[in-house]
Amino acid sequence: MYNRDYLSQETSQYNSSQDSSRVELMSFLKATYQLFAGSLLAATAGAYIGLDMVSTIASWYWGLVILEFILLFALFAVKNKPGINLAVLFGFTFISGLTITPLLSSILMMPAGASIVAQAFLMTSVAFGGISMFAMTTKRDFSGMGKMLFIALIILIVGSISNIFFQSSLLQLGISGVGALLFSAFILYDTQQIIRGGFETPIEAAIALYLDFFNLFVSLLQIFGILGSDD
């Protein structure tokens with residue numbers, strides 16, 4: 001009638017459940033960062049190929065941007081379809097690499113262009129690694145940042161579209177500065193969301209991290225490019 005092993009059995013089951021959850025999380029993280037690394041390689045390949053056809057990409061730029069958005073939305077539609085989801089993921093990241101080539105080309109033509117690109121990539125990598133480690137180790141909960149970050153992103157997009165007409169270097173510098181801070185915050189938020197189970201599949205988690213990294217890199221590239229320009 002009285003099970004003296006009840007507490008030890010409960011403790012054993014609890015520890016077993018904790019171990020199982022930890023293994024699942026590590027497996028999810030491994031798959032996520034493998035897909036993230038693959039996405040960066042696909043984008044790098046796109047940028048490398050695109051540098052040899054900058055004028056063509058510039059003339060088809062908005063068509064590529066529209067295709068990029070189509071692939072991004074399609075990715076979420078096929079996220080649970082093995083094979084197809086990887087093709088769409090790497091197709092999207094490859095196209096995003098193509099779309100960055102006009103900016104890369106303009107900076108590489110500057111006297112210290114190669115140094116600016118390397119510095120922007122290094123700072124992006126260091127910031128991404130540092131913020132990710134902080135998100136994984138801190139006990140603070142940043143899940144409440146989601147709505148605020150989304151609103152800030154909408155404002156940033158509106159500002160970027162407006163500057164297409166104004167063509168102001170000073171305004172672009174401000175937009176890029178805000179973008180660098182915003183996407184650094186997104187790295188913190190998305191990394192913690194991954195750890196807390198906020199993403200259903202590694203594909204979703206990987207594309208979130210990729211977009212954070214990519215947009216932070218673009219923001220820093222624009223900042224360094226504007227500050228290093230003679231115009």
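Tutor: A crossing of two helices is left-handed if the near helix is turned anticlockwise from the far one by less than a right angle, and right-handed if clockwise. The model discussed here is predicted.

Student: What is the handedness of the crossing of H3 and H4?

Tutor: The crossing of H3 and H4 is left-handed, so the near helix is turned anticlockwise from the far one by less than a right angle.

Student: Why is H3 called roughly antiparallel to H4?

Tutor: Helix H3, residues 61-77, packs against helix H4, residues 84-99, at about 155°, and their axes are 9 Å apart. Angles over 145 degrees count as roughly antiparallel, and therefore H3 is roughly antiparallel to H4.

Student: Which residues of H3 and H4 meet?

Tutor: From H3 the contact includes Tyr61, Leu64, Val65 and Glu68, and from H4 it includes Asn85, Val88, Phe92 and Thr99. By class, the contact of H3 with H4 has 12 nonpolar, 4 polar and 1 charged residues.

Student: What is the handedness of the crossing of H6 and H9, and which residues make the contact?

Tutor: The crossing of H6 and H9 is right-handed. Among the residues that meet are Ile116, Ala120, Met123 and Phe128 in H6, with Leu209, Phe213, Leu220 and Gly225 in H9. The residues of this contact divide into 14 nonpolar, 4 polar and no charged.

Student: How do you know whether Ser132 is buried or exposed?

Tutor: Ser132 lies in helix H6. Buried means under 20% relative accessible area; Ser132 has 6%, so Ser132 is buried. Leaving aside neighbours within four places in sequence, Ser132 is in contact with Tyr33, Ile187 and Thr191.

Student: Is Thr93 buried or exposed, and what is the reason?

Tutor: Thr93, in helix H4, has 0% relative accessibility and therefore counts as buried. Leaving aside neighbours within four places in sequence, the contacts of Thr93 are Ser39, Ala42, Ala43, Ile207 and Tyr210.

Student: Where is Gln167, and what makes its class of accessibility?

Tutor: Gln167 is found in the loop between helix H7 (146-166) and helix H8 (169-195). The cut-off for exposed is over 50%; Gln167 is at 61%, so Gln167 counts as exposed.

Student: Why does the phi of Gln167 deserve a remark?

Tutor: Most residues other than glycine have a negative phi. Gln167 is not a glycine, yet has a positive phi of about 55°.

Student: How many helices and strands are there in the protein chain, and what are its overall values?

Tutor: The protein chain has 9 helices and 0 strands, and its C-alpha trace spans about 85 × 35 × 30 Å along the principal axes. Of the 231 residues, 40% count as buried. The chain exposes about 13500 Å², with carbon and sulfur atoms supplying 68% of that area. Among contacts between residues at least 6 apart in sequence, 83% join residues at least 24 apart.

How values were computed
Residues numbered from 1 in each chain as written. Predicted model: local features only at pLDDT ≥ 70, side-chain atom pairs only at ≥ 80, totals over all residues. Heavy atoms only, no water. Axes fitted to C-alpha atoms, helices over the stretch in contact; angles between N-to-C directions. Helix = DSSP H or I, 4+ residues; strand = E, 2+ residues; numbered from the N terminus. Parallel < 35°, antiparallel > 145°, perpendicular 65-115°, else oblique. Contact = heavy atoms within 4.5 Å. Nonpolar A, V, L, I, M, F, W, Y, C, P; charged D, E, K, R; others polar. Buried < 20%, exposed > 50% of the residue type's maximum accessible area, 1.4 Å probe, protein only. Areas by Shrake-Rupley, 256 points an atom, 1.4 Å probe, with all protein chains shown as cover.
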